[in-house]
Amino acid sequence: MPRSRKNSVIQDVAANPGASSHDELPPLFGDSSLRQKVDTLLATVETEIEPQVIELLAPEWRRASALGSANDEYTLYSGYVAEVDTRTGELEDLLTETSAVNHQLGELVTKFNEISLKVAHFQETTDVLHTEYDQLAAQYEQISTELSHFEALDPVMRKLNQYSSANVVKRESFRNTLRKINSSLEFMDAHPMYSEVGAYRLRFKQCLVRSCSLIVNYLTNFLRGVETDVNSKLLNIANGTSGSASRDALLYNKFAAAAEEFSSLLQTLQQQVNLESNSKYREELASLLDECYEHYFRIRDKLLQHTIRAQLEESAGLLGENIMVRSLQQNILFFTKLCEKEYNIFSKFFPQETDLQRINDWLYQLCEPLHDSTRADILRESSITHICDAITLLNKYYQFEESSTEYSLQFGKVRFDRLFEPILQDLQARLIFRAEAYVQRKVTNYTPPKEDTDKRTGKGTYGTMVDTHTGAADEDHSLLLQFLENYELPENGSLVGNQLKAYYPSLLYALALLSKVYQLVNSSVFDNLAHHIVHDCIQSLKGAYQSSPDFTHLDDMLTYLKNLLMLRDQVQHFDIQYSSNETYLDFSGLGELINSIRKGSFPSGGSGSVLSLARETVPKIVNNMIDARSEIVVELRNLLNTITTVAARDLLQDTLQVTLPDALPGANLKLKMNIEERLPKFQQLVAAHMPDQSVAVHIVHAVRNAVVQEYSMYIEGISAEVARGAIPHDTLDVLLTPDLLNDLFDATMVPSATDGMKDSGSPKHS
């Protein structure tokens, strides 16, 4: 790497020209010593200084030295001095010029600073003026803009007054006028503090209503024109041979072609109603919009009435059986298609309508002729089966709750459940009415003929009962037959043939009715009906089997039990959840007073007796809760206890009343013989009446427990007498113990019944 050169004197002068001054040069060295030093210096720096520099610094003496000149030893020095003087002069001139330039620059800087101060002062002055100018210009623009809202009133009113044709609403100028009105009203609402804003707002509001009225007039005239055209063509169709297809094409295709022009203007009207700036006038504007809806619905209603009447007349002329159901089926199909087509054409005329309540309300009115026609058919219908079939036809519209997703999918557009709801309500009301009459006729007031004793012994058949008491053509008979055909035998049933052949007719009629109306009416209505039917059925069974003079006979009681078990099992299938609260007035006190007066036993006495009598004759409010399941359970418990008691007494007879020591063995033997002889017969009797053999087993088991319990108490009494010494001690040895009596029962019972008893320790239905 080359060694850096040291700075020479000339380089220092060139690099620092400012170092020179106007002072004289310092005194020079002596001649001899100066030459010596210069030679030494040149020898030292010769290798470091560029040759051109050396030539420039000492051209004269180097050339003289090279040629070996013998000039005077001062010649080289003199040349050097002269050269130095020349260079010094040039540098002094340069320094003088630089000082002049520096002085001029200083003057320029001073003048520039003065100009800058003046410019800053001028800028401050002009900024204030410019700010004032901007404020004035903004105020001018604001005033012009705000005044334009007030100044627009007169031109707008002149235009609206000049409009003579309804077709003007289709022009762009009319839309521009509406925009000006909306802008001005919005401005008035935003600046309520301005003078006379209220008066201007009122006049602009009148202009807005006038503009919307022009739109409404055009739309109503437009619909009227379409109606006139369609009516004229429908008249030609009526006079010609064209069919219903041509009529439908006019009613829907012709209207659909005109829907685009109508909907574009209606959208303008709807925007005016929905604008936030028009919220104060929304009610008045909405009434104008309602006129369009009402006019449209009125025209459509007129055009469709002929088709609706023709359909209803056609369905009313049906002949044959089950006319109501067939007529309702045809009408529902017709009105379903009609409502769907009306919704589609409505959505083309009113595409911005998001609230479906309006179209569904009108469709409900459109279906009112169907409601009236069907109501008359329903009131004439007396068949419960036909009414149930009609309700089943409508049930597909009421499968889901209104808040469910399935409901939204099914009735996203037309709410058919609401349209057909009056028909369903009429059908259900008629069904309840006919059901109550049915229960009154076939359950409450049912009394079998006296000669029909087989129905109470369980040996008759339902076919004999039905044919004898109802008649083959009776509608009630057909309802019962449907129930019998659909009845399923239980898995543990043991009767051969139809399980229902020995049940009491009123029970079968009641179950047939409940099975038919189940899930066809509201759950609470059905529960209330079921409670009353079960109560009436129990009362009917009581009246049938308690009317016999041989009520204590086990055969009657078992038949009654079998009917109650049947009723209980069937009621469980209906999922009754609510109890019925029945409130009524009790006039029994007044009736007793009337009876006492008739008998001449009217009490006489002071005022206290009169007041007491008055209190007793006041009608009382009675709140009676009816629960079908609880009533059946209570009745079953009472009946089972009665059966158990009667059967046990039949086995025991008077054997437990003997207390004499000599008679005790004979009584004990009689008890053993009663069990061996009568228990199998009782078991067979129970098995013959009970279709569920497990119930028969539990009844026999309950009877055994009752006998053993009473016998145990009897043995305890004998043991007490033995302990007192009234009876010899060896008497107990000849008597049966309770355990032996149990073994006697097990040995006497039929093996199948005994096997069933081992799995249970207490009666299932007690």
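Which helices each supply at least two residues of the lining of the second largest pocket?

Mentor: The model is a predicted one. In it, helix H16 (416–419) and helix H17 (421–444) each supply at least two residues of the lining of the second largest pocket. H17 gives the most, with three residues. By residue class, the lining of the second largest pocket holds seven nonpolar, five polar and six charged residues. By domain, at least three lining residues come from domain 3 (318–438), and at least three from domain 4 (444–449 + 500–596 + 615–652).

The cavity can be described in the same terms. One cavity of 30 Å³ or more is found in a search of the whole structure. The largest cavity has about 40 Å³ of space. Its lining is made up of Thr 655, Leu 656, Leu 664, Ala 667, Asn 668, Leu 671, Tyr 711, Tyr 714 and Leu 735. Helix H27 (664–689) and helix H28 (693–724) each provide at least two residues of this lining, and H27 has the largest share, with four. Seven residues of the cavity lining are nonpolar, two are polar and none is charged, whereas the lining of the second largest pocket includes six charged residues.

Notes
Residues numbered from 1 in each chain as written. Predicted model: local features only at pLDDT ≥ 70, side-chain atom pairs only at ≥ 80, totals over all residues. Heavy atoms only, no water. Nonpolar A, V, L, I, M, F, W, Y, C, P; charged D, E, K, R; others polar. Domains from an automatic or database assignment. 1 Å grid on protein atoms, 1.4 Å probe; cavity = no way out; pocket = protein on both sides within 12 Å on 5 of 7 lines; lining within 4 Å. Points joined across faces, edges and corners; volume = space filled by probe spheres on them.
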